[in-house]
Protein chains: 2
Amino acid sequence: MEATLSPPPLSAFLRRLLPLSLPPLLLASRHLRVSSCAHGSDGDRIVARPSSELRRGIRENSSKVEDEKILSLRRLFSRPDVGIDAYIVPSQDAHQSEYIAECFRRRAYLSGFTGSAGTAVVTKDKAALWTDGRYFLQAEKELSRDWTLMRSGTRGVPTTSEWLNDILPPGARIGIDPFLFSFDAAEELKQEISKKNHKLILLKEFNLVDEIWNDSRPDPPSKPTRVHDIKYAGVDVVSKLSYLRSHLGESGCTAIVVSMLDEVAWLLNMRGSDVPHSPVFYGYLIVEPYRATLFVDTKKVTKEVLNHLTNAGVELKPYESVLAEIESLALKGAKLWLDTSSVNAAIVSVFRSACERYSSQLNNNSTNQSIHHGGPDAVYQVSPVALAKAVKNNAEIEGMKNAHLRDAAALVEFWCWLEKEIENNVALTEVDVADALLEFRQKQEGFIETSFNTISGYGANGAIIHYRPIPGDCSLVENKNLFLLDSGAQYVDGTTDITRTVHFGEPSKRQKECFTRVLQGHIAIDEVIFPERTPGFVLDVLARSSLWKVGLDYRHGTGHGVGAALNVHEGPQSISFRFGNLTALQKGMIVSNEPGYYEDNSFGIRIENLLLVIEANVPNAYGGIEYLGFEKLTFVPIQTKLVELSLMSPGEIKWLNDYHGQVWEKVSPLLNGEALDWLSKNTRPI
Amino acid sequence: MEATLSPPPLSAFLRRLLPLSLPPLLLASRHLRVSSCAHGSDGDRIVARPSSELRRGIRENSSKVEDEKILSLRRLFSRPDVGIDAYIVPSQDAHQSEYIAECFRRRAYLSGFTGSAGTAVVTKDKAALWTDGRYFLQAEKELSRDWTLMRSGTRGVPTTSEWLNDILPPGARIGIDPFLFSFDAAEELKQEISKKNHKLILLKEFNLVDEIWNDSRPDPPSKPTRVHDIKYAGVDVVSKLSYLRSHLGESGCTAIVVSMLDEVAWLLNMRGSDVPHSPVFYGYLIVEPYRATLFVDTKKVTKEVLNHLTNAGVELKPYESVLAEIESLALKGAKLWLDTSSVNAAIVSVFRSACERYSSQLNNNSTNQSIHHGGPDAVYQVSPVALAKAVKNNAEIEGMKNAHLRDAAALVEFWCWLEKEIENNVALTEVDVADALLEFRQKQEGFIETSFNTISGYGANGAIIHYRPIPGDCSLVENKNLFLLDSGAQYVDGTTDITRTVHFGEPSKRQKECFTRVLQGHIAIDEVIFPERTPGFVLDVLARSSLWKVGLDYRHGTGHGVGAALNVHEGPQSISFRFGNLTALQKGMIVSNEPGYYEDNSFGIRIENLLLVIEANVPNAYGGIEYLGFEKLTFVPIQTKLVELSLMSPGEIKWLNDYHGQVWEKVSPLLNGEALDWLSKNTRPI
């Protein structure tokens, strides 16, 4: 899956590591950033005419708002317990998840815009929606005329807070649901709007969109959770909690709030089905030296899970009671570890105000003001769970390897089938192809679901980096252009993510050259050996330099972390042209290797394998340190028809032949019949 | 010249771009930095036993201080106009120069330690000297027993301020000469020692070392300056000042203080001979919208230079009067542009106190306190001169190219001569060889001097990255091991810097493999094409990945900027494993390309050419931007005997043969006789 699908909503690890002000994805954003660092320039800010105005002409002049949802929302503004002039509705759930449950898709419900990224803002007389370049066309289609589309990342388009500062009279009250903002994001917003003396109002008792959504709002997810078997998890819950407690001890804290859903699932060796594509469930975990409490809808907890948790000394409390627990921790004088890049503003603000109450009580009770009472306190630092989760243990690695082999078998059967269908001129749309792939995967043992929405892009659609074919409104897959397929699956033992680009007819010289240069970048990353403590961004140039040689490039990162039977995007590591992420690549981490090239309105190319970081077998150890390298997890043929041999070095040709040799060796035992023949044909040395 | 010779004293551009706390050079320092960013750990601080104690045993127990200079310095501490408990003597002059005049080598005079980098601190009962790994042995030899050697960068060794905080009772007064610290460095020191409530005392009226140095102190340099001909400079002084004034205008400032000597020389198209290796002269330049004043010892200004300056509207004032001018600017209400990473603390503090006096005068004279008088003010930002100087114009490029060809001719004659001498078993020391090279260069037109101390290292000495052979105490150059020669020259039209590594006998398999991997890194940098706005550090990995493949690496950067007939080290660009420098490589910049490998106690390898950044000739321009590449300036054969052909790709062999073809084509016309034969033999294709 393309490396930087996540923002926005930025998954929390990206929030931790990237400046929040960065426009997503675009290479241009690197340039803006570098030049703004070097020259301190702010750029000029011109408020662009929103595209909705440009496109809708006369209709826009009508001042009568007809959008019933906007009107309903505004009616709530003046309620005594609300009292706001504007309300911001982001895409997030309370856990900074990349994929969220239907009942939390408030921004989509309110605005009608269903893309994954966007922020809606409603004032007493305006309604605007921000989204990025991936979704401009979709948003224009989906938004009613009462909404103004704000094309984020476009020159002159203000940010949400700039716009609020611009249009509201000073001292306005701007409301948010503090569950839906990380504390850091809420603080940044508060800072920004304070320039115009606006106040940020945290409405934690109710979500205004939920109030107008009302009966039609889907129920919260309630499918049962399950135990993630120790044979896949590798380390039991007691050991993981003990690891976390040792960090707690070192930090001097007495409790930590874990709110990222994949961190909760990883720590507790549990999995769930609350959101699409990620096997997680809604919950918070609070770990103290001698106690651990999972806040979860107890309906989801089967007897097996309950036993599992009880054995690990984990108590259960209702999901909603987390704020009350936070308050009671403060009253007990806890010192709380809060990763404010992921923990939401509701939790942090409740803890802070409880601390204040507690401290003033202490002072009132004390006759001697100079005596210092060690009151409750918080330490704001990055959670240690993300790094621990990123470094896979042997069982997790084993599970990932096995899942990848079954996934490869499904893919070979699929490609074999598709090639024949195209040959027989069967009319298949991009959606048909994605659906068929799902069927092949579903036959594999331990298959659960797709790990993200399949990107099935024929011809020009392949050039849209985050393309998602819509049923009834997508291309046929034919033999006249390149076909890019980026897909992945969740298995009980592992998570996959693979991209292949193929041509069912005769590729052009141009397509072959571009494909070959992308492949050269892929090979360079695959083969690199590097000293321990090297951050991923150091390697990024290796994926690009063959493209750069002829003035080509691609506007996304080269690699993201992948969870073991968990989220397909995880931190803290990455391989990216952005220099912000200083996390070193470490033995046991898994990253994707997915350089690409996209020719607008023409075709797209991406070649993606997942790689495991391993100790390299090198004859020296200069500096007395370890040297690291990669081991491939993905074993599916790369179409050799697209390789321009004259550009390839002997070493690169050897790499390709060796890889195909391994693919045959590892995957052929899982196949038979036509698929086996197809594999044999497609792994022949060139 | 090896890429990171400069720190410490860190040249100002490095100060601007690197965290000051970074230990110099060591790859380990990157790791420290990365890990300290990622984990926020401070490491443990153990004060190590100084090496002087370890080595000197009994003598150290004698408490009687015999070092007359230390005693004399301490006597000054209690003088009424001094009143300090400690005095810090750094290596710097008042302009953050890499090479400084003899009369400013106060730290060397006081301590006896003559290495280029070090800080001496004398308290009422202790004297300590900090230097880095390059100089541990030399410092142990040169320091008297009253000095404690502090091995910077060694685990547990405190920094200067940590040491002062440790050994002095709270509230001590620590004196410095504020001319010898950039304002930023002085501020950092002040912050650090304030933790122990120490006060930083700026003694700007006199330098205490000068007072004890007295009559034996060398006179300040007084050789005449000269005009740098417009045919080499390319742009006249009026245009350069006008460029600077346009920046002044944009920043809203009314004056800028330029204090870096190469910036002054570049702006005024002047050159001098005040310091070794760099054709600069001591001076400050203050540029205002309608005035420019050079503060210089007027004895150095010839009639020709005076005319040149007068024509450009530049006035002269005595060097010493710069502080008075700064005060008078404040009294005129100037808004001063100060680059506090290079401008010294004396200037900044004088301006600040003048501003305060002026503002309080204004307030006293005003009856209405609420009226705002626009008083004097300062803007603290990076000087625009460094970047303008780094981007060479056509005349500068032409001069650099011509100088490099003459330099190449001298080097070919030299290598031809040396090879024959070694063949004939003539006993030559490393110093003899460096001296001979100087003679060959001196014969070239426009030669002025060496651009740095020649690094002439045979065998194990080649593994000492900053080796400098000492007459009477250095190796013979023979045919049994590798010989590394890193040298450069100042010519009237350009500056050179080149390293070659050769073997006059039979290199070992190991040496050939290491040499070939260094060469592969050199070729990878030379051939890379990259999008505009790419910082140099992005390319650094290309120089290392061939070494990394077998677990090898080198502990210095890959490239530094080089001035045009100016300093051999200049900023702001670099190619380094340190990620701090976000300056993009830009068309017209010059960088060195000098990967290496050093096997302790055995041999050293470095291959260095200078490269010009040019627009690359590429068939595409993805993103509508320019793609850049490098053009070689250096044309001297690389010893093919050391190349292990089996490791080289066809492309790399082609690169080497093409390069040697160009060397022959460009340099053969300047040669004849044996040297021409040697060149022919040494540029044959392999």
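The backbone oxygen of Gly118(A) lies 2.6 Å from a polar atom of the Ser91(A) side chain in this predicted model. The side chain of Ser91(A) also makes a polar contact with the side chain of Arg107(A); such a contact is a pair of N or O atoms within 3.5 Å, where within protein one must be able to donate a hydrogen and the other to accept it, and residues adjacent in sequence count only if both atoms are side-chain atoms.

| Partner of the Ser91(A) side chain | Distance |
|---|---|
| Arg107(A), side chain | 3.0 Å |

You will find Ser91(A) in the loop between β1 (86-89) and α5 (106-111) of chain A. Its relative accessibility is 10%, so Ser91(A) counts as buried (under 20% relative accessible area, 1.4 Å probe, protein chains only).

Now to the interface. Here 42 residues of chain A are in contact with 42 residues of chain B, with heavy atoms within 4.5 Å. About 3,700 Å² is buried between chain A and chain B, and carbon and sulfur atoms give 68% of that area. Eight residue pairs across chain A and chain B are in polar contact, both at pLDDT 80 or more. On the side of chain A that touches chain B, α2(A) gives the most, with five residues. That side divides into 28 nonpolar, six polar and eight charged residues.

Residues are numbered from 1 along each chain as its sequence is written, and chains are lettered from A in the order in which they are written. Local features need pLDDT of at least 70, and side-chain atom pairs count only at pLDDT 80 or more, while totals for chains, interfaces and linings use all residues; side-chain values use heavy atoms, leaving out hydrogens and water.

Methods: Helices (H or I, at least four residues) and strands (E, at least two) are DSSP runs, numbered from the N terminus. Buried means under 20% relative accessible area, exposed over 50%, partly exposed in between (1.4 Å probe, protein chains only). Buried area is the accessible area (1.4 Å probe) that two parts lose on being put together, summed over both. Ala, Val, Leu, Ile, Met, Phe, Trp, Tyr, Cys and Pro count as nonpolar, Asp, Glu, Lys and Arg as charged, and the others, Gly among them, as polar.
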